[in-house]
Amino acid sequence: MWKEGSILKSKSAAISNAPLPQYLAVRRRFGIPLFVAVIALSLFGLVMLYSASYYTAEYKYDDAFYYVKKQAVAFAIAVAVMIGLSRVPLKWVRKCQIPLLVVSFVLMGLVFIPALGVESYGARRWLHMGFFSMQPSEIAKFAFVLSVACYADRYGLDTFRKILPPLGIGAAFCVLLLLEPNMSVTMIMLGLVLLTLYAGGAKGKYFALLAVPIVVAVPVLVAIEPYRLQRLLAFVDPWASPKGEGYQLIQSYYALGSGGWFGVGFLHSRQKYMFLPFAESDFIFSVIGEEWGLVGAVAVMALILFVVYSGYRIASASSNRFAALLAYGITSVIALQSLLNVAVVTGCVPPTGVPLPFVSFGGSSLVCFASGVGVLLSIDRINAAAHIIH
Amino acid sequence: MLAIAFFFCIVAGKLFYVQIIDGRSLQAKALDQWTRDVPLVATRGGIYDRNGLLLAGTDTAYTLYVRPVEVQDAPHLARVIADALYLEYDSVLSKVARTGVSEVTVAKKLPKEQVLALMQAAPKGVYFSRDISRYYPYGNFMSQLLGFTDADTKGQTGLELYYDDYLRGLNGYQLTEADIRGNSLSDAIRYVPAVEGMDIVLTADKSIQFFAESAVDSAYRKYGAKSASCLVLDDTGGIVAMAEAPSFDLNNVPRDDLDALFAMCKMSAVSNVYEMGSTFKIITMAAAVNEGVADLDDTFYCAGSKEVDGQRIKCWKTKGHGSQTFAEAVQNSCNCAFMELALRVGTAKMYEYFRLFGLTQKTGVDLSGEASGLLLPEDAVKPVDLARIGFGQAIAVTPLELARAVTACVNGGLLYTPRVLERVQADGKLVYQSVPQAKQVLKPSTSALVRQLLLGVVNNGSGRLAGVAGYEIGGKTGTAQKYKNGAIDRGKYLSSFIGFLSAGSRQYVALLYVDEPQGLYYGSQVAAPYVGEIFANVAAYLDVPQANVEELPTFVMPDCLGKTYGEVQALCRKHGIYLEAGGEGSRVVYQFPVAGSECTSKCVLFVDMG
């Protein structure tokens, strides 16, 4: 089943196939630290959510805890799902591949049905499900990495023809995302396509061919939605339109700039008094930077990086190709989305709306990411068991 | 993993840049949006007359308005407002319950107490704003001198403009932290109180201004003049009154016609130059006396004209004044005599006096828009020009320059810098006291003699109508023909009188001039009586002791029409009245006072020969 050219293979193979001295072969388990880090990140997010949202919540809903309550419920569900999934055999997860893909496509299609899809800020990204709302794209990201892992494990990705099916799934998702439109998740999806196909053994030259449609797509996308160009320009010089396109970024800068080294102190953010848009979700990292300073912001980034590191270590420790690719894909979702969020907040890339995993407000997002981590924990458990068998 | 870590490091680097390097300037910008500053408007200082009477004040009133969308119980709120402000319930309700508007003004110009009482009940949706307005207790009064402000009570003209920096004060502010909608998050974090404007006290006297106002107003109306103006100075150069007609109400500035308003705002005494005519003779007189080229023993002969450098210059009385003493020549306002005086002094000396008297430059008065005298260049002055200058032609000065110089002629020879500001006070405490600045320009003996000559003009000469029985009043009349494009503008005159009143140790100099009077135009008739009226009022107002007045015998004015000049002259000599005649004919065609009027020896008879 192992194919040449896989980076995962060479690492895992080196570890699992070579007879190593017992003391060197002892694999550290990353499950526990990962679990602790994710819980810590989520709890810190819950606390920061309160600080960032109580004023707006009080104003909009007459309840300072409006967002916190919802997020706390989601957190409880997320922890339960995470622990539950960590106990589920990986083959069950594998069986979810087709249903998850179908559900993703259906839900993403439903977004376009006026009665169910919610249009906000000019885009249809949300689905109303009676008592709660969700973004189907949250599920789609994980559905995609799962399907790639299954496919690569079964058929390999060593020829160009073989990479076409997963590429088609990714392209289909991207088209649906662009129709919403949702540029940020499209970017993440593109990143996932690249990372997972490469990890799955696809050759570098194939990606050169993939670059062609992307290069063509950029001007076309800008032509379809001129606001994208404005956003690009606003990112270069936000001060040119402080009340318009540059507003979000400037407000984020104000928050971060006020934070300095050590921040203005917990609960003391001034930008959350409705100056900073989406302070509870997409821009919660700005509030963290404002209240905890550079030190706090970098600490949060370090914690996220540790989660990513643990995820990749679990992936490389796995002797099972499917498990390794799945762990790699899930971790990449976390890594790419975290990176995109902090890059937007700090003005490294043009503004686009994407929540910070585990920290931002958003129940469906939290539960989905926790599910991913639950699968990672399950893989870690398998790795440990495999080691004992060895 | 390495790639991800690498990108995280880039983000961390950007974070460092934004948070640490750019932090301070970003925070400064952010501070601006986090706070809302409410201006605390400084109250504009008052303008007071020399006795502390308010001439311009600041009124604070409140406007109450309602935001109907925020009102929960309109009938109840209407009842509360109507009761608190003594308004009609129905009209308040119609405003409070109005829909489709964001704000409705309920009542304006409310006193503070009423608003405070209402706001104590803190009804929702009710707001008030503080309005500051300038008001002038006397309305159409001293309008040019005081000036007015714009809607933001910033000085636009007159003293309001000139002393705006003192009067305005410094606005303070109250800094409050606010959310994006401007809602306060806390009590004021910074409170910078306003520095109230300072009060200015003028040298002007409200009562004397009032006398001057009524004088120019009646002169303006009676003679259908283009304008009538009056300037009163005290003997140290303080402006006591400055009145102009036509004028306007400072409380209701007519801003519709800005050109007309601009013209009415002008202080002609400061901004305009006039060929004053005979009133200017005082300067010639003073120069001649001070130079010792004329004294009371001199006699002058007037044949009706004088030949200078081969050019014949007429006296105003073409028949001539004959032989006259210096005093008589002054009383007669004889042009020939003053040509002679000017020629005796000479161009160089005359110009030295003009400079000494400050006619060649601005006086330095604390008012804006000041002009300075227009004189021929000294080296271009020929004897013909000097002769004309001697009786007030070919030289134009501002009324203020003339009045200031004449003050020096009668106060012992001290030339003061005119001023209108007496002192500045803040909160009742003295901040600035103006000190009269003077220099000696004439010998005291010269001043005494000029005084005596001017007293003679009022007692026995053309200035009789300015006289008030029992008071020491001197002066000089002036009737100047106006010129247009270098030629006489027929029928257009500037009639003036400048006089002084002794009030104990103090003296007041009044210059009243009527621009383009219709009908009568002699200064002795058009201007002098009004100065007399002003001085009579001033003397009574200042309680100047009145000398014993003998009852003057009266007589009935006979009909002079058709009589010859000699017959009329004989009549005047008989009754001891002063005769002023115009026209070139041999018979009287017009007389004033008319036949049958009851007259005293203080009367002046005007006749036109046709």
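## An exposed phenylalanine and its surroundings

In this predicted model, Phe262(A) counts as exposed because its relative accessibility is 63%, and the cut-off for that class is over 50%. In chain A, Phe262(A) is placed in the loop that runs between helix α12 (247–259) and helix α13 (284–317).

Phe262(A) also belongs to a nonpolar patch on the surface. The other members from chain A are Trp261(A) and Val295(A), while chain B supplies Phe16(B), Tyr17(B) and Ile21(B). Together these residues have about 640 Å² of accessible area. Which element gives the most to the nonpolar patch? The answer is helix α1 of chain B, which covers residues 2–21 and gives 3 residues.

## A buried serine in chain A

Ser332(A) is located in helix α14 of chain A, a helix that spans residues 321–345. Is Ser332(A) buried or exposed? With a relative accessible area of 0%, Ser332(A) is buried, because the buried class takes in values under 20%.

Two polar partners of the Ser332(A) side chain can be described. The side chain of Tyr312(A) is joined to that of Ser332(A) by a polar contact of 2.9 Å. When residues up to four places away in sequence are not counted, Ser332(A) touches Leu192(A), Leu195(A) and Tyr312(A).

## Chain B as a whole

Chain B contains 21 helices and 28 strands. Of its 610 residues, 52% are buried. The accessible surface of chain B comes to about 26800 Å², and carbon and sulfur atoms account for 51% of that surface.

Contacts in chain B can also be described by separation in sequence. Among those between residues at least 6 apart, 71% join residues at least 24 apart.

## A buried alanine in a loop of chain B

Ala225(B) is situated in the loop between helix α9 (206–222) and strand β9 (227–234) of chain B. Its relative accessibility is 9%, so Ala225(B) counts as buried.

How many residues apart in sequence are Ala225(B) and Gln518(B)? The separation is 293 residues, yet the two C-alpha atoms are 6.1 Å apart in space. With neighbours within four places in sequence left aside, Ala225(B) is in contact with Tyr220(B), Val514(B), Asp515(B), Glu516(B) and Pro517(B).

Note on methods
Residues are numbered from 1 along each chain as its sequence is written. Chains are lettered from A and ligands numbered from 1 in the order in which they are written. This is a predicted model: local features need pLDDT of at least 70, side-chain atom pairs count only at pLDDT 80 or more; totals for chains, interfaces and linings use all residues. Side-chain values use heavy atoms; hydrogens and water are left out. Helices (H or I, at least four residues) and strands (E, at least two) are DSSP runs, numbered from the N terminus. Buried means under 20% relative accessible area, exposed over 50%, partly exposed in between (1.4 Å probe, protein chains only). A polar contact is a pair of N or O atoms within 3.5 Å; within protein, one must be able to donate a hydrogen and the other to accept it, and residues adjacent in sequence count only if both atoms are side-chain atoms. Contact means heavy atoms within 4.5 Å. Accessible areas come from the Shrake-Rupley method with a 1.4 Å probe; for residues, only the protein chains shown count as cover. Patches are made of residues with over 30% relative accessible area and no salt bridge: like charges are joined within 9 Å, nonpolar side chains (Val, Leu, Ile, Met, Phe, Trp, Tyr) within 5 Å. A salt bridge is a side-chain nitrogen of Lys or Arg within 4 Å of a carboxyl oxygen of Asp or Glu.
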